[in-house]
Amino acid sequence: MTPSAPAAVLVHLSSRRARWQDDGMTFTLRVPEPRDAAEIAALHVATWRETYTHLLPAGFFDDEFVQGRRSMWTRILDNPRDEWRVWIAESEGRIIGFATSGPGLEFEGAAPPRERQLYMLYVAAADHGGGAGQALLDAVLEEGPAVLWVAKENPRAIAFYRRNGFEFDGAEQTDPMVPTIIDVRMLR
């Protein structure tokens with residue numbers, strides 16, 4: 001039997017903000033604002049470095065990649081859409097994680113296997129195990145059926161998703177922009 005993650009205790013919740021207390025770590029979840037784009041983009045780059053450097057070619061994290069993340073987050077936050085859920089986790093005045101979900105996408109011409117898809121969930125490595133990842137997942141997916149893609153070489157994330165009821169369905173893909181990473185699909 002594996003030990004379970006520490007339980008986060010919801011202290012306060014509204015439709016746009018929640019505060020959590022978890023074994024000495026307090027963090028707040030909230031819907032990000034356009035002013036958060038640069039900080040989220042920097043965290044996005046940092047978490048990719050922490051997670052995928054060993055799978056990516058040297059020089060992958062160049063200025064173009066960094067600028068691309070800034071542009072992406074500016075577009076996302078400047079043009080919010082009702083069908084998308086975007087939440088961030090903050091602790092001690094800094095953003096420590098983020099998650100997004102939206103409508104499921106077709107794959108190889110087939111209808112989406114679930115209506116809701118997790119697109120991103122990243123927490124800074126220094127803040128792993130503090131409950132922010134679980135709180136973010138719950139905020140963007142709730143408890144319903146969902147689909148996600150995860151790097152096949154990311155055992156920590158796979159174990160986390162399995163604890164949350166996700167299982168592999170056999171589908172795999174590579175991103176043409178990152179062909180060194182094989183993604184596998186998980187369903188709940």
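Strand β6 and strand β7 (residues 147-151) run parallel and are joined by 2 bridges. This is a predicted model, in which local features need pLDDT of at least 70 and side-chain atom pairs count only at pLDDT 80 or more, while totals for chains, interfaces and linings use all residues. Residues are numbered from 1 along each chain as its sequence is written, and side-chain values use heavy atoms, with hydrogens and water left out.

Me: What makes β6 and β7 a pair?
Reply: Two strands pair if DSSP finds at least two bridges between them, and β6 and β7 have 2 bridges. Gln117 stands opposite Val147 in β7.

Me: Which strand pairs with β6 in the antiparallel sense?
Reply: Strand β5 (residues 94-103) does, over 7 bridges. Phe98 stands opposite Tyr122 in β6.

Me: Why is Trp48 called buried?
Reply: Buried means under 20% relative accessible area (exposed is over 50%, partly exposed in between; 1.4 Å probe, protein chains only). Trp48 has 12% relative accessibility, so Trp48 counts as buried.

Me: Why is the pair of Trp48 and Phe60 called stacked?
Reply: Rings of Phe, Tyr and Trp (its six-membered ring) pair if their centres lie within 6.5 Å; planes under 30 degrees apart count as stacked, over 60 as edge-to-face and the rest as tilted. The centres of Trp48 and Phe60 are 6.2 Å apart and the planes are at 10 degrees, so this pair is stacked.

Me: What makes the pair of Trp48 and Tyr52 edge-to-face?
Reply: The angle between the planes is 70 degrees, with 4.9 Å centre to centre, and edge-to-face needs over 60.

Notes. Helices (H or I, at least four residues) and strands (E, at least two) are DSSP runs, numbered from the N terminus.
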